[in-house]
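Dear colleague,

I am handing over the structure we spoke about, and below it you will find my notes on what turned up in it. Please read them with the model open beside you.

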Amino acid sequence: QDYVDALLDVMDPSGQVFPKSRRYYRQHCTKVASDSSDVYTTHPATSLAKDLQLLDLPLSEVVLVDDTASSGFLQPNNLLLLPTWTGDPTDIVLLQLGNDLTRIATTN
């Protein structure tokens, strides 16, 4: 959580796009039973998922950015799945993510 907060604070110093009150982490997950026939077959029978319906916002206005597929189990269409950061200094995933989020924000 600390590294994500630090990154979001740099990306959005004013907190207009990523306000601290709308950042959700592992402690905000819901325990759910998963179906082994689901497209996300890597998670166990019980997973932690971020239930975006609890946000009381239109799902069309919510994007979940995570490196764990099971986090988006309940609303997979809202998930932008990132590879886990391994410390590679040449990793450009966050730059690509910034472009993706900008595109999403300006198209909707």
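Which residues does Leu-64 touch, not counting residues up to four places away in sequence? Before I answer, please keep in mind that this is a predicted model. With residues up to four places away in sequence left out, Leu-64 touches Lys-50, Leu-52, Ser-71, Gly-72, Asn-78, Leu-79 and Leu-80. Leu-64 has its place in strand 3, and because its relative accessible area is 7%, under the 20% cut-off, it counts as buried. The C-alpha atom of Leu-64 is separated by 9.8 Å from that of Arg-23, a residue 41 places away along the chain.

The overall layout

The chain has two helices and four strands, and their order along the sequence follows the pattern α-β-β-β-β-α. Of its 108 residues, 28% count as buried. The chain exposes about 7,600 Å², and carbon and sulfur atoms supply 55% of that area.

The largest nonpolar core has five residues, namely Leu-52, Leu-55, Val-62, Leu-64 and Leu-79, so that the leucine with which I began is one of its members. Asn-78, which is among the residues that Leu-64 touches, is found in the loop between strand 3 and strand 4 (79-81). Is Asn-78 buried or exposed? Its relative accessible area is 11%, and because this is under 20%, Asn-78 counts as buried. Leaving aside residues up to four places away in sequence, Asn-78 touches Leu-52, Leu-59, Val-62, Val-63 and Leu-64, and of these Leu-52, Val-62 and Leu-64 are listed in the core.

The largest pocket

The largest pocket has a volume of about 1,800 Å³. It is lined by 49 residues, of which Leu-8, Val-63, Leu-64, Val-65 and Asp-66 are the closest to its centre. The elements that give two or more residues to this lining are helix 1 (2-11), strand 3 (64-66) and helix 2 (93-107), and the largest share, eight residues, comes from helix 2. By residue type, the lining divides into 29 nonpolar, eleven polar and nine charged residues.

Two loop residues

Leu-82 lies in the loop between strand 4 and helix 2, and it counts as buried because its relative accessibility of 18% is under the 20% cut-off. With residues up to four places away in sequence not counted, Leu-82 touches Val-65, Asp-66 and Asp-67, and also Val-93 and Leu-97. The C-alpha atoms of Leu-82 and Thr-68 are separated by 7.8 Å, although the two residues are 14 apart along the chain.

Asp-56, by contrast, is exposed, because its relative accessible area of 70% is over 50%. Asp-56 has its place in the loop between strand 2 (46-49) and strand 3, and its phi is near 60 degrees, which is a positive value in a residue other than glycine.

With best wishes

How values were computed:
Residues numbered from 1 in each chain as written. Predicted model: local features only at pLDDT ≥ 70, side-chain atom pairs only at ≥ 80, totals over all residues. Heavy atoms only, no water. Buried < 20%, exposed > 50% of the residue type's maximum accessible area, 1.4 Å probe, protein only. Areas by Shrake-Rupley, 256 points an atom, 1.4 Å probe, with all protein chains shown as cover. 1 Å grid on protein atoms, 1.4 Å probe; cavity = no way out; pocket = protein on both sides within 12 Å on 5 of 7 lines; lining within 4 Å. Points joined across faces, edges and corners; volume = space filled by probe spheres on them. Nonpolar A, V, L, I, M, F, W, Y, C, P; charged D, E, K, R; others polar. Core = buried A, V, L, I, M, F, W, Y, C linked by side-chain atoms within 4.5 Å. Contact = heavy atoms within 4.5 Å.
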